[in-house]
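Me: I have a two-chain model open and would like to know what lies behind the terms used for it. Could you take me through them?

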Amino acid sequence: MISYWNQNASTILTDTAQHAQLVFGSLAIALVIAILLVLLCLRHDRLLTGLNYIFSLLYSVPSFAFFALLLPLTGLGNTTATVVLVIYSEYVILRTFITGLRAIDPSLIEVATGMGMTSRQVFLKIQLPLAIPTIFSGLQVALASTMSIATIAATINAGGLGTLLFEGLQTQQMPPLLWGIIMTVALTLVSIAVLRILQHVYQPRLGGNH
Amino acid sequence: MNQQPVIEFDHVTKCFGQNTVIPDLSFTIKQGELVTILGSSGSGKTTTLKMINGLITPTSGTVKINSQPLADHNQVDLRRHIGYVVQQIALFPHMSIRDNIAVTPKLLKWAPTEIDKRVNELLDLVQLPSQDYANRWPNELSGGQQQRVGLARALAANPDLVLFDEPLGALDALTRLDLQKEIKQLHTSFLGDKTFFFVTHDLNEALFLGQRVMVMKAGQIEQFATPQEIVQHPASGFVEELLATEERNQELWRKLQ
């Protein structure tokens, strides 16, 4: 184990960095898409439900098959991996986002409208801040699942920690396999911790014990 | 008192699907009036109120605000100049008391110093000393205090018209009486400048507050008159029945005493 690290430390770290880049990049894109979709569908609640349904269908496609399906379109490498990861995390993020929005007391939205906010102002000043806790819990679930799905991206040459796992599988060696697992878990834990800090920063204060 | 009409309903109807809530409603409210709308749930009183600030669009007929049809107004801009107080109070839980009151002035792009001054002035007006309350949060306040903030928020941009949708419905009896008195005093203090449109299902509240009382049943006006006239000359069997509920209360009191 230790000697494998000594010999391959830079590869392991590069794989980890690649993995992080792949996952965070995809999550960021998925989050922006979710916000844009919700903004566009503000007056069309049914459209949002429909979109959510489509993403749930896509989510049920096995990830390995998805990578294969996209190969003719986007080829080997990062783009394909990102597209797949965005689609997978989009379902979780959009779904929790919608749930968060619908959990907001409708009288708040009615009063905000009655006071003269446009529907965009209602979204940005009332709905979005109040949905932040659910958005973050969605991000956390999406992060954990994307971390593991991203390992499969190694099969289409997108790099990441999957490279170590597949190396271990193919050469029947334990150390790369274990390092792959350790780094994936470590990366997940660290990212969740970072998410928690971000949530703390962005979560609106609701009064109480201060 | 200025006699300009502020709210005019002209043969307004409202149907939700098959269900006709307002069959045919016409009335006029003049500037500076404090009008209460009395009706039981399902009488169409809240629907009527929401057609004034455009949250509900009539199926047919015209609603005019300041002699101009609602359809010709910029709805968003109009709402910024109409105060709105609701039973659910609905203070924004993620904003301080100060920020809650500042919502409409901010939408109207007032200068920050002007907003601050206004917030302090309003908090003092609704008897929540600004130095103690401005930086607190809605969930730290009692229901009655929250609705005082709701009132301040509705008055923030100095609107000529304020809509009250059963604002005291969720409060205890004592707080309710206090706020009734304050709202009445507040209206008087504006010297006929501001029109209050106050929806309630409470007979005594309607009679105490209203300069005129509009009694509604099934989307229609049963009687629209001063409190004295309503008590002395009820215009319909329904109004008589309503007044009789109060006599029954008094009977109970006599028995208990």
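**Terms and values**

Reply: Happy to. The lining of the largest cavity holds six nonpolar, two polar and two charged residues, where Ala, Val, Leu, Ile, Met, Phe, Trp, Tyr, Cys and Pro count as nonpolar, Asp, Glu, Lys and Arg as charged, and the others, Gly among them, as polar. Bear in mind that this is a predicted model, with pLDDT of at least 70 needed for local features and 80 or more for side-chain atom pairs, while totals for chains, interfaces and linings use all residues. Residues are numbered from 1 along each chain as its sequence is written, chains are lettered from A and ligands numbered from 1 in the order in which they are written, and side-chain values use heavy atoms, with hydrogens and water left out.

Me: What makes that space a cavity, and which residues line the largest cavity?

Reply: On a 1 Å grid over the protein atoms alone, a cavity is a set of points where a 1.4 Å probe fits but cannot get out, a pocket is an open set with protein on both sides within 12 Å along at least five of seven lines, and lining residues have an atom within 4 Å of a point. The search of the whole structure finds one cavity of 30 Å³ or more, and the largest cavity has about 50 Å³ of space; a volume here is the space filled by probe spheres set on the points, which are joined across faces, edges and corners. Its lining consists of A:M115, B:R80, B:I82, B:G83, B:Y84, B:T104, B:R153, B:A154, B:A157 and B:P159. β6(B) gives the largest share, three residues.

Me: Why is the pair B:K50 and A:E110 called a salt bridge?

Reply: The term asks for a side-chain nitrogen of Lys or Arg within 4 Å of a carboxyl oxygen of Asp or Glu. The closest N and O atoms of B:K50 and A:E110 are 2.9 Å apart, so the pair meets the rule. The count between chain A and chain B is one salt bridge.

Me: How do you know that the chains touch, and how many residues are in contact?

Reply: Contact means heavy atoms within 4.5 Å, and by that rule 21 residues of chain A are in contact with 23 residues of chain B. The buried area, which is the accessible area (1.4 Å probe) that two parts lose on being put together, summed over both, is about 2,000 Å², with 67% from carbon and sulfur atoms. On chain A's side, A:V111, A:M115 and A:R205 supply 29% of what that chain buries against chain B, more than any other three residues.

Me: What makes a stretch of chain A a helix, and how many helices has chain A?

Reply: Helices (H or I, at least four residues) and strands (E, at least two) are DSSP runs, numbered from the N terminus. On that basis chain A has eight helices and zero strands.

Me: Which classes of residue line the second largest pocket?

Reply: The lining of the second largest pocket has 15 nonpolar residues, one polar and no charged. Its volume is about 340 Å³, and among its 16 lining residues A:L31, A:F136, A:L139, A:L195 and A:L198 lie nearest its centre. α6(A) gives the most to this lining, with six residues. The largest pocket has about 420 Å³ of space, and its lining divides into ten nonpolar, four polar and four charged residues.
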